[in-house]
Every structure is written in C-alpha cells, then in structure tokens.
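This report concerns aromatic packing, charges placed over rings, and the residues of an annotated site. The sequence and structure are shown first.

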Amino acid sequence: MDYLYAPYREEYLKNGTGDGCVFCQISQSTDDEKHFVFYRDDTCFGVMNLYPYTPGHIMFIPHLHLDSPHLCSKELWLHLSECVQWGCEILYEFGAKGINTGINIKKAGGAGIPQHLHWHLVPRFECDTNFMTSIAQTRIYGSVFEECYKKIKTIAEQSKRSV
C-alpha cells in the first residue's frame with residue numbers, strides 16, 4: 001500500500017468524528033465556514049467532502065437524521081434531487097467535465113458515515129485518472145481544499161438558485 005502525506009486528516013485520525021452524528025453536528029452548527037458548508041436551507045445543506053475523491057467533491061445532506069432514502073418523505077426526496085441537479089450546475093461552473101453522483105446506503109452499502117443519508121457529487125476532469133491511479137493505485141489531489149471550497153461557495157451564491 002502506498003501512503004501520501006495528508007495533514008488535513010490529522011484531526012479525524014486523532015479524534016474521529018466525536019460523539020454523535022457528525023452530519024447532525026454540522027446541521028446544528030452555525031459555523032458554516034468551519035465545516036465547509038456552502039449552502040443551507042430549512043431542509044438540507046450542501047457541504048464539501050472533507051476526504052474528497054477529486055477536487056470539488058460535494059454532498060447534499062438532509063437535516064433529518066435518516067439512514068436510507070426509503071425513509072424520506074416525497075417532499076424531502078424531491079428537494080434533495082433538486083439540490084443535486086443544482087449541484088451539477090455548480091460543478092460544471094467549477095470546471096467539471098463530468099460528474100459521478102450517488103448514495104452509499106448503510107455500512108454494507110459502503111457508506112463512510114452510515115447513520116446519516118448523504119448524496120455525493122464527484123466532479124470528474126479529463127485526465128484525472130492517469131498512470132498513478134492505474135499503475136500505483138494512488139490518487140493525487142492537486143488542489144488546495146480551502147480554495148476549492150471558496151470557489152464552490154462563490155458559485156453557489158452567485159447562481160442565486162432557489163431550491
């Protein structure tokens with residue numbers, strides 16, 4: 001296995017996510033900058049993934065503590081779906097040439113935080129898979145995370161979309 005230097009994970013590795021659900025904690029927090037929240041309404045919030053697959057990896061998360069889409073009301077599901085559509089627009093403006101999107105449901109389904117539903121949008125860029133991924137099973141994150149957050153937040157604010 002290869003290791004790459006990733007100092008931004010130090011706090012998580014030392015302390016984990018703390019007590020309780022990290023997404024509920026972010027939902028209840030008012031410090032959006034600290035948690036890299038770029039969008040918030042009464043139903044859900046949009047947040048940068050702290051351990052992104054590619055630069056600009058975002059998620060939409062309902063405030064309600066649910067672990068599966070089948071528990072969502074139709075109104076909640078429609079709202080999340082509209083946010084994901086808007087998220088695609090944001091990521092295209094960010095520079096994505098394609099997007100992978102999906103939900104990993106519960107631990108057996110691959111969810112990193114299985115107790116709280118979260119919908120991933122992973123921007124893809126031409127040539128973002130290269131020999132490092134193919135040969136060395138290693139990914140390189142070539143952007144400054146905080147700068148990606150600022151750009152995503154600015155795009156979201158400027159789009160003035162009402163979801």
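Strands are DSSP runs of E of at least two residues, and they are numbered from the N terminus. By that rule, His120 belongs to strand 5, which covers residues 119-124. The model discussed here is predicted.

**Annotated site**

According to the UniProt record, an unreviewed entry, the annotation "binding site" covers Asn49 and His120.

Asn49 is located in the loop between strand 2 (44-48) and strand 3. Is this residue buried or exposed? Asn49 has a relative accessible area of 9%, and because the limit for buried is under 20%, Asn49 counts as buried. Its side chain reaches the backbone nitrogen of Tyr51 at 2.7 Å. Leaving aside neighbours within four places in sequence, Asn49 is in contact with His57, Ile58, Met59, His120 and Phe145.

His120 is likewise buried, at 13% relative accessibility. The side chain of His120 makes a polar contact of 2.8 Å with the side chain of His57. With neighbours within four places in sequence again left aside, the contacts of His120 include Asn49, His57, Asn100 and Thr101.

**Aromatic pairs**

Across the whole structure, a search finds eight aromatic pairs. One of them joins Tyr39 and Phe60, with ring centres 6.5 Å apart and planes at 70°, in an edge-to-face arrangement. Tyr39 is in strand 1 (residues 37-40) and Phe60 is in strand 3 (residues 58-62), so this pair ties together parts 21 residues apart in sequence. Both Tyr39 and Phe60 are buried.

Tyr39 also pairs with Trp86: the ring centres lie 4.8 Å apart and the planes meet at 70°, so this pair is edge-to-face. Since Trp86 lies in helix 4 (residues 74-94) and Tyr39 in strand 1, the pair ties together parts 47 residues apart in sequence. The relative accessible area is 13% for Tyr39 and 2% for Trp86. Phe38, Tyr39, Phe60 and Trp86 form one aromatic cluster.

**Charges over rings**

| Charged residue | Ring | Distance from ring centre |
|---|---|---|
| Arg40 | Phe45 | 5.6 Å |
| Lys151 | Phe94 | 5.2 Å |

Definitions and conventions. Residues are numbered from 1 along each chain as its sequence is written. This is a predicted model: local features need pLDDT of at least 70, side-chain atom pairs count only at pLDDT 80 or more; totals for chains, interfaces and linings use all residues. Side-chain values use heavy atoms; hydrogens and water are left out. Rings of Phe, Tyr and Trp (its six-membered ring) pair if their centres lie within 6.5 Å; planes under 30 degrees apart count as stacked, over 60 as edge-to-face and the rest as tilted. Helices (H or I, at least four residues) and strands (E, at least two) are DSSP runs, numbered from the N terminus. Buried means under 20% relative accessible area, exposed over 50%, partly exposed in between (1.4 Å probe, protein chains only). A charge sits over a ring if NZ of Lys or CZ of Arg is within 6 Å of the ring centre and within 35 degrees of the ring normal. UniProt positions are given in the numbering used here, feature names are shortened, and annotations may be inferred rather than shown by experiment. Contact means heavy atoms within 4.5 Å. A polar contact is a pair of N or O atoms within 3.5 Å; within protein, one must be able to donate a hydrogen and the other to accept it, and residues adjacent in sequence count only if both atoms are side-chain atoms.
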